[in-house]
Structures are given as C-alpha cells and as structure tokens.
Amino acid sequence: MSVDPMSYEAQFFGFTPQTCMLRVYIAFQDYLFEVMQAVEQVILKKLADSPHCEISPVQIRTCTEKFLGFMKGRFDNLFGKMEQLFLQLILRIPPNILLPEDKPQETHPCTEEEFQLLQKEIEQLQEKYKTELCAKQALLAELEEQKTVQAKLKQALALFDELENTGRDHGTSDFRESLVFLVQNSRKLQTIRDTVEREGKRMKIS
C-alpha cells in the first residue's frame with residue numbers, strides 16, 4: 001500500500017484513497033476464498049457420486065489450498081499494479097486543481113512569510129482565549145463566593161430585624177437598647193443558672 005497520506009484527496013472524497021484500495025483488496029480476497037470453497041464443495045460432491053475414485057477429501061483440500069495460494073500470489077501481483085494506476089491516475093487530484101472550499105487561495109494568495117505570520121497570530125489569539133477563559137472562570141468563582149456572602153448578609157439582616165422586632169415588643173425601639181436589653185437578660189439567665197447549680201451541689205452534699 002502507498003505511504004503517501006493523500007490528505008487533499010481525503011478532504012475531497014471523505015476517505016483516503018488507500019482506505020478505498022484496501023477495502024477493494026479485502027473484498028477481492030473474500031470473493032476468491034468463497035469461490036474456492038464453492039469449487040471444493042462441487043468437487044467433493046462429484047467424488048461422492050463416484051465411489052470407485054481413489055482421490056480422498058484430504059487430497060482435495062490440499063490441492064484447493066495450493067491453488068488458493070497460487071491465485072492469491074497472482075492476485076497480489078496484479079493488485080499492486082492496479083493500486084499504482086488508481087492512486088496515480090484515478091484517485092489523485094492534480095496539483096493545479098483546487099477544491100471549491102480552497103478557491104479563495106487563488107484570489108488571496110499568501111507567501112510563506114505571511115503564512116508564518118498568520119500562524120503566529122493564531123497562536124497568540126489562542127493564548128489570549130485561554131487567558132480570557134481562565135479569567136472568566138475566576139470571575140464566576142468570585143461571583144459564586146459573593147452570592148454566598150450575600151446570602152449570609154441577608155441572614156444577618158433578618159436576624160437584626162428579628163432582634164429589633166423583639167426589642168419593640170419589650171418596649172425598646174432602638175437597636176442599641178435592644179442589644180443592651182438582650183445582654184442584661186442573658187446575664188440574668190446566667191446568674192440564675194449559676195445559682196441553680198450551686199443549690200444543686202449544696203443539696204447533694206447535705
């Protein structure tokens with residue numbers, strides 16, 4: 001098989017010419033094998049109808065395999081020549097022919113230096129895109145973090161509103177007064193708890 005990748009032909013056909021030739025080769029091989037099997041079956045049937053024949057089925061199989069090897073060798077030789085003909089004259093796009101999608105190259109040709117500059121610009125744009133993508137991901141992460149902080153702030157504001165409402169219920173409208181009120185009540189509760197604990201210990205001792 002040819003080692004030329006023939007990528008331009010693959011662009012046109014949708015497959016490489018070598019792949020096409022390989023499939024043709026395999027199809028011929030399969031067909032030859034099937035024909036030889038059919039011929040062998042016919043010969044064996046003829047032998048079965050001739051009871052006095054001295055040729056055994058093993059001899060028939062040996063002769064069939066030898067003939068198959070001979071035919072395969074001749075076929076490989078002919079196929080090699082056919083493959084060269086197809087790849088050089090039939091499945092090859094002439095060097096002066098452009099595919100429709102490459103027609104702009106005729107009206108906008110570029111030198112090797114211009115092509116290198118375009119390649120460099122493309123690489124720079126790719127790097128810039130990667131940088132922008134990383135920055136976008138960082139911004140999205142920061143946005144998620146801000147959403148979390150905002151939710152916590154809303155919870156804190158709701159708590160402050162609740163404290164303020166509690167203060168109003170107890171006659172204190174100012175938030176500072178509410179905090180003082182809560183601190184005083186918490187101190188009172190702590191004093192009561194300490195007193196209860198001391199009394200409990202004293203009762204256990206007595």
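**Testing the terms**

Mentor: Start with Glu40. Leaving aside residues up to four places away in sequence, Glu40 touches Ile60, Arg61 and Thr64. Keep in mind that this is a predicted model.

Trainee: Why does Glu40 count as buried?

Mentor: Buried means under 20% relative accessible area. Glu40 has 4% relative accessibility, so Glu40 counts as buried.

Trainee: What makes the link between the side chains of Glu40 and Thr64 a polar contact?

Mentor: The cut-off for a pair of N or O atoms is within 3.5 Å. The Glu40 and Thr64 side chains are joined at 3.5 Å. Glu40 itself lies in helix α2.

Trainee: How do you know that the span of helix α2 agrees with its 32 residues?

Mentor: Helix α2 covers residues 17-48. At 1.5 Å a residue, α2 should span 46 Å. Its end C-alpha atoms are 47 Å apart, which agrees.

Trainee: Which residues of α2 are buried, and what covers them?

Mentor: Among them are Met21, Tyr25, Leu32 and Glu40. The cover includes α1 (7-13) and α3 (57-90).

Trainee: What makes up the largest nonpolar core?

Mentor: Seven residues: Met6, Met21, Tyr25, Phe75, Phe79, Leu87 and Leu91. Both α2 and α3 give two or more residues to this core. The largest share, three residues, comes from α3.

Trainee: What does Leu91 touch, not counting residues up to four places away in sequence?

Mentor: Leu91 touches Met6, Glu9, Phe13, Pro17, Cys20, Met21 and Phe86. Of these, Met6 and Met21 are also listed in the core.

Methods. Residues numbered from 1 in each chain as written. Predicted model: local features only at pLDDT ≥ 70, side-chain atom pairs only at ≥ 80, totals over all residues. Heavy atoms only, no water. Helix = DSSP H or I, 4+ residues; strand = E, 2+ residues; numbered from the N terminus. Expected span 1.5 Å × (residues − 1). Buried < 20%, exposed > 50% of the residue type's maximum accessible area, 1.4 Å probe, protein only. Contact = heavy atoms within 4.5 Å. Core = buried A, V, L, I, M, F, W, Y, C linked by side-chain atoms within 4.5 Å. Polar contact = N/O pair within 3.5 Å; in protein donor to acceptor, adjacent residues only side chain to side chain.
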